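Keep the 3D view open as you read.

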Amino acid sequence: MGKNNENTKISRNEQQLIDGLELTGQHPLFGKVSVAIEVVPQSRLGKRVPAKVSSSGRIYLNKDCDYSPKEWAYIIAHCKLHLCFGHFDADKMPGYYQKISEKEKVWVNDYIPEIWNMACDIYICRFLADVKFGTPYIFESQLAEYGSSSSEIKIYEQLIMKNVSADSSSFGTAGTNPDMIGTDKPLKYGNYDHNRYSSEFAYALANSVRKVIDQAGGLISDDKINKSLMQLAADWFVNHYPLLGGIAMGFKLIDTKSRYDLDDISIAAINVVDGEIYVNPAACLSLEEWKFVLAHEYLHAGLQHHARRNGRDAYFWNVACDYVINSWLNEMQIGEMPKGGLMYDETLKNLSAEEIYDIIIDKIRKNSKTETFRGYGKGDIIDKGWSPELDKAASLDDFCKSALRSGLEYHTSNNRGFIPSGLIEEIKALSMPPVPWDVELAKWFDAHFAPLEKRRSYARPNRRQSSTPDIPRPSWIKNDISDNSRTYGVIIDTSGSMSPTLIGKALGAAASYSVAHDVTAVRVVFCDADAYDMGYCSPENIADRVMVKGRGGTQLQPAVDLLEKAQDFPKDGPILIITDADIEYDLKVHREHAFLIPEGKRLPFRPKGKVFCFV
């Protein structure tokens, strides 16, 4: 809004109001919070009521009141802070929601709105006194009467205990009347909504305070003041740290303030598929702390943590990876580890993410509220909809692996800094293709069914030397073996979640390796909620001649019990369990066994036998 001009007649009071609005708009804190402002005559508000603020996000200013520009700036900032501090938000107020049914909740006004308004006014007056903005109409001696409580709720409780009358309030912008409109209908935000005023104010506060601190400390010069600390940290990796510099070039930093769907990120998170790292400036971290955070996210991408989950719980796998990365970064002394709630434990040093994951699962209750850089109970690896078939994801994965390998080569050849041996091993492992599942399965067969030794025997003379029939020659024959010594049990999950393709692929592999290892017969048991004993079958008939029964729920324990108690099944016979892993969490197998499950799935318990993931 501009000043008075020749063509427009503006009263002295209105001009002072306009000047106050300009002062507020130029302030690094209050100017960043956009609120709808409506200038009204005193008939709307009252003769001695300069301003009120509504829960709808609108501020009403009385154009007929006589205040100086700095006094108006103080009044406008006061009204904005009611919105920024969430004084209309249900989760900040003394009332509560009472559950009526699964879909209905009722707000219980278990508080006095006028006293709550007064408590909020006192809290705001203290804040404005601290930042020394505008000209206050409240003396510090008046605020001292209500102690130094640190929150609006505590001030409210103190006012109730002292039995203070709401009529005595003079801390708001409406005289002795409440300056908040709509406290009887608190705002309740859902999963996708949020108080945008709070977000805007938090960002402005963090940004302005950090600028002052960094300028005073000489961390950033005047010509770089407009460049965010997060971007400066990313530039440092590109220019000075070759191990992660390549990855840093491939990711774009996204300010969480720019997108409303990112308001749940406390510090940072990474989306490898989209090549984005989301950073929250309101975290108030220093340049060195941002270096640590970005290095953490770069390692998530480079080490393919999003793709190595293999059916594990996404959040607890994220936590396990965080413990490993933070331990390495602490050893490497990259930046400064942020304080408070960071996942770092000396006792987990030198353990792999897979090992730490198993430990966490054993202590799941204790770790259910662990905090990542994204926040409590949320992982900072964002992999919604990730699939190895996605072209974009695959190309980014290849880029991250290549960048990390090249960075390691350059880093070590130029002696650019210490790298833990565990991290070096993981980076080198990225260059090694994984052992195919069928090779691993073959090794399992080798362990249980050693190749039969051949011997020479004259029982069957060799007819190949027919030119000299008078000279007896031995032939090669296999040792006589018992049928029970070379057999194993196959339990096949035939529940509704197992597709015929999965069953056929798994059975085909088992059949081929059975024939190759001279297995004479295989005991087949189909199982869903009940066990269906098919008896012994020749290996060649497993895949294509056995009719699959069942298709009910999934309970494999009856099939295991059937084999372990069967009189005609050897006591040392191993068991191969083919399932999609959606089975009971307390399955007990007391003999040698292995699981064959689809890639991407994970058993709901810590298995004692081998686990092979087929594709």
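Two strands count as paired here if DSSP finds at least two bridges between them. With that in hand, turn to this predicted model and find strands β8 and β9, the latter covering residues 276–279. They pair in the antiparallel sense, over four bridges. One of the residue pairs to look for is alanine 269, whose bridge partner in β9 is tyrosine 278.

β8 and β9 belong to an open sheet of three strands, in the order β7-β9-β8, and its pairing is mixed. The edges are taken by β7 (252–255) and β8 (268–271), each of which pairs on one side only. From one strand to the next, the twist averages 25°. Helix α10, residues 287–302, packs on this sheet and touches β7, β8 and β9. The direction of α10 makes about 25° with that of β8.

Further along the chain there is another sheet to explore. In general, the strands of a sheet pair through backbone hydrogen bonds, either parallel or antiparallel. This open sheet has six strands in the order β14-β13-β12-β15-β16-β17, again with mixed pairing. Which strands stand at the edges? They are β14 (531–537) and β17 (610–614); each has a single partner strand, so one side of each is left without a neighbour in the sheet. Ignoring direction, neighbouring strands are turned by 20° against each other on average.

Within this sheet, look for β12 (residues 487–493) and β15 (residues 575–578), which run parallel and are joined by four bridges. Valine 490 stands opposite leucine 576 of β15.

Helix α17, residues 500–516, lies across β12, β13 (521–527), β15, β16 (593–598) and β17. Its direction runs at about 175° to β12. Helix α18, residues 557–565, packs on the sheet as well, touching β12, β13, β14 and β15. The direction of α18 makes about 150° with that of β13.

Finally, step back to the whole chain. It has 18 helices and 17 strands. Of its 615 residues, 46% are buried, where buried means under 20% relative accessible area. Among contacts with a separation of 6 or more, 65% come from residues 24 or more positions apart. The chain exposes about 31700 Å², and carbon and sulfur atoms supply 50% of that area.

Notes: Residues numbered from 1 in each chain as written. Predicted model: local features only at pLDDT ≥ 70, side-chain atom pairs only at ≥ 80, totals over all residues. Heavy atoms only, no water. Helix = DSSP H or I, 4+ residues; strand = E, 2+ residues; numbered from the N terminus. Axes fitted to C-alpha atoms, helices over the stretch in contact; angles between N-to-C directions. Contact = heavy atoms within 4.5 Å. Buried < 20%, exposed > 50% of the residue type's maximum accessible area, 1.4 Å probe, protein only. Areas by Shrake-Rupley, 256 points an atom, 1.4 Å probe, with all protein chains shown as cover.
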